[in-house]
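Here are a few exercises to work through with the model open beside you. Try each task before you read its solution.

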Amino acid sequence: DCLVDCVMRWWAVVHDRCAHITTLVINLDNGPENQSRRTQCRRRMVDFAHHTGLTVRLASYPPYQSKDNPIERCWGILENHWNGARLDSVDAVIQLATTMTWQGKRPVVELVTTTYQTGVQLTKDAMQMVETQLQRLPGLDKWFVDIVPTSSTILAT
């Protein structure tokens, strides 16, 4: 839920300047929060795609492929930037995160204070409905999933 809520907030901010974008590729690590078994994440991403009219490609990287994953490279830069600093408060973490650079750019850092329920699971029937909205890439079906909204499912924004 947190991942999708953050993507939704980000899209609301950049939508006007990115109106020409029709496909959003989201690189995911293979962490438990966004694995394909996490049915709540998939359902929420389907809802996001239909709400925005964007095709959403979820690109998951296999385990032990961190050298190929830009997310992991960014985390490595952050870890080097922290370089043993005391992370003893939320303010310290935010300060360090906002002062790092990656590929010449500083990140946008936002504190999320929402408490999210863990372990949310869909019923098998509900997950089957979600699966009908997913297009898996042949040969890479475990790692690449497209969510293509249909005109009848796009909600007014």
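**Exercise 1. How much space lies in the largest pocket?** Work out its volume and its lining.

Before you start: this is a predicted model, where local features need pLDDT of at least 70 and side-chain atom pairs count only at pLDDT 80 or more, while totals for chains, interfaces and linings use all residues. Residues are numbered from 1 along each chain as its sequence is written, and side-chain values use heavy atoms, with hydrogens and water left out.

*Solution.* 
- Step 1: On a 1 Å grid over the protein atoms alone, a pocket is an open set of points where a 1.4 Å probe fits, with protein on both sides within 12 Å along at least five of seven lines; lining residues have an atom within 4 Å of a point.
- Step 2: get the volume, meaning the space filled by probe spheres set on the points, which are joined across faces, edges and corners. It comes to about 2,300 Å³.
- Step 3: look at the lining. It has 47 residues, and Leu3, Cys6, Val7, Trp75 and Val108 lie nearest the centre.
- Step 4: see who supplies it. Helices (H or I, at least four residues) and strands (E, at least two) are DSSP runs, numbered from the N terminus. α1, β1, α2, α3 (70-82) and α4 (90-99) each give at least two residues, and α1 gives the most, with 8.

**Exercise 2. Trace how β2 pairs with its partner strands.**

*Solution.* 
- Step 1: apply the rule that two strands pair if DSSP finds at least two bridges between them.
- Step 2: take β1. It runs parallel to β2, joined by 6 bridges, and threonine 23 has threonine 55 as its partner in β2.
- Step 3: take β4. Here the pairing with β2 is antiparallel, over 4 bridges. Leucine 58 partners valine 145, and arginine 57 stands opposite aspartate 146.
- Step 4: carry on to β3 (residues 134-136), which runs antiparallel to β4 with 3 bridges. Glutamine 135 has aspartate 146 as its bridge partner.
- Step 5: check the cover. Of the 6 residues in β2, 5 are buried (under 20% relative accessible area; exposed is over 50%, partly exposed in between; 1.4 Å probe, protein chains only).

**Exercise 3. Find where tyrosine 116 sits and what it touches.**

*Solution.* 
- Step 1: tyrosine 116 is in the loop between α4 and α5 and is partly exposed, at 23% relative accessible area.
- Step 2: leaving out residues up to four places away in sequence, tyrosine 116 touches Asp1, Cys2 and Asp5.
- Step 3: tyrosine 116 and cysteine 2 are 114 residues apart in sequence, yet 7.1 Å apart in space, C-alpha to C-alpha.

Note on methods
Contact = heavy atoms within 4.5 Å.
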